[in-house]
Amino acid sequence: MADKGNWALAITVFTAGFLLVRADIITEAPVGQLFVYELHREVFQREFEPFHKVFGQVYNDPMVFKCNKERFPDLPRWLRFTQRDAYDNGFLYGTPLPRDQGRNIIEIFVINKRNYETFKERLVINVGPAVKQMPYQAEFFIELREIEKVLPAAVQAEIKLDIQNLWRTSRLEFVNITSALDRGGRVPLPLPGYFEGVYVKLGSDQPFSPCMLRLETAEHQRECASGGKISGDCSRCTNPINCITWCKSTLFDLSKPVPPAPLPTVGSGVLAWGGEFSPPESPPDRDFFPDYIVTVIVPLALVLILCLILSYIMCCRREGVLKRNAKTPDLQLYHHHTIQGDASELRRMAGGDRRTADRPRQCLQPLNLPLTVMQK
């Protein structure tokens with residue numbers, strides 16, 4: 001019976017642990033094609049359900065996503081993350097290259113900004129070889145869009161439909177989507193009507209349409225450089241905010257083999273004779289006395305003149321004590337000279353006992369002024 005109880009306990013613990021462990025999200029990303037994974041806030045809202053169950057309330061919590069490669073502080077070099085606001089979904093996007101093939105484990109940390117609870121999830125991205133060959137690629141600039149508004153699948157479908165009508169084929173795939181800020185664009189003003197701009201790159205195994213081939217003509221380049229009206233713009237957009245800028249569109253024809261770089265010309269390895277070395281002659285003698293006068297003598301003379309002027313003002317232009325006293329009334333001078341004596345008398349009276357201290361002399365004796373003062 002004890003053995004059966006132990007087995008039951010072990011099975012119960014194993015089952016509970018298996019139910020608590022959340023399976024990793026596994027997805028595929030072929031080389032050369034755009035990979036987009038959207039982090040939905042509604043999905044992670046379910047991980048913060050104790051408040052829903054206890055209080056019966058449904059919250060629209062602001063959430064912030066933090067993504068990094070497992071055991072690394074940042075994401076792989078081909079992968080990027082963006083989230084405009086805590087109330088918006090996050091996006092992991094990028095285009096892997098052949099050297100990025102392999103398994104990428106991405107750790108996703110969700111932070112609830114209302115109660116600051118966190119939740120962790122793992123995303124496994126298996127980067128495999130290229131599935132489709134797209135030798136013909138074209139890049140278009142959408143001026144009235146931002147990167148977060150283009151990554152959703154519905155918006156990508158709208159843009160692809162417009163490009164299909166321009167390319168005249170339905171066999172198109174997104175190769176890359178890049179914000180104009182990552183290409184050296186300026187940050188727009190935080191006002192309505194200002195956007196970052198987005199570069200979208202699509203590829204196909206079908207050649208370019210005759211309309212798209214006008215982008216490589218010299219006439220088109222002259223019109224774009226002049227800034228006037230573009231005669232060869234044949235793009236159409238069902239949604240005005242998805243309209244492309246024709247002058248910022250570029251074609252990439254990868255079907256043509258790239259010619260190898262020319263090899264360097266191999267010489268004989270012996271330097272050509274350049275003749276005897278003739279060193280330059282020594283420079284002519286120079287008289288430094290004028291420079292000495294301008295640099296040393298003139299500043300010293302100016303300093304000496306200023307010192308003489310200052311000495312005259314400080315020593316010869318002083319009024320003097322006798323002259324000052326002659327202009328001062330005698331009564332004012334008498335009061336000035338008795339201030340120090342009065343201050344000493346007050347200190348002596350404050351420091352001793354008032355009952356034993358002498359009475360102030362000024363209160364007992366009459367004011368003895370000089371005869372000249374009395375006459376005045």
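Is C247 buried, partly exposed or exposed?

Modeller: Keep in mind that this is a predicted model. C247 comes out partly exposed, because its relative accessible area is 34%. Its partner is C224, with a sulfur-to-sulfur distance of 2.2 Å. The pair links distant parts of the chain, since C224 belongs to helix 6 and C247 to strand 11, 23 residues apart. C224 is partly exposed as well, at 24% relative accessibility. The torsion about that S-S bond is -90°, and the link is left-handed.

Now for the rest of the set. Searching the whole structure turns up three disulfides. Counting bonded cysteines along the chain, the pattern reads 1-3, 2-6, 4-5.

Next, take C211 and C234. Their sulfur atoms are 1.0 Å apart in the model. The torsion about their S-S bond is about -40°, so this disulfide is left-handed. C211 is in the loop between strand 10 and helix 6 (218-226), while C234 is in the loop between helix 6 and strand 11, so the bond ties together parts 23 residues apart in sequence. C211 counts as buried because its relative accessibility is 9%, with the cut-off for buried being under 20%. C234, at 22%, counts as partly exposed.

That leaves C237 and C243, a disulfide with its sulfur atoms 1.8 Å apart. Here the S-S torsion is about 50°, so the handedness is right-handed. C237 is partly exposed at 30% relative accessibility, and C243 is partly exposed at 29%.

C307 has 42% relative accessibility, so it counts as partly exposed. C315 reaches 59% and therefore counts as exposed. For context, an unreviewed UniProt entry places a transmembrane region at residues 292-315. In the model that span is 100% helix and 0% strand, with its end C-alpha atoms 33 Å apart.

Definitions and conventions. Residues are numbered from 1 along each chain as its sequence is written. This is a predicted model: local features need pLDDT of at least 70, side-chain atom pairs count only at pLDDT 80 or more; totals for chains, interfaces and linings use all residues. Side-chain values use heavy atoms; hydrogens and water are left out. UniProt positions are given in the numbering used here, feature names are shortened, and annotations may be inferred rather than shown by experiment. Helices (H or I, at least four residues) and strands (E, at least two) are DSSP runs, numbered from the N terminus. A disulfide is a pair of cysteine sulfur atoms within 2.5 Å. Buried means under 20% relative accessible area, exposed over 50%, partly exposed in between (1.4 Å probe, protein chains only).
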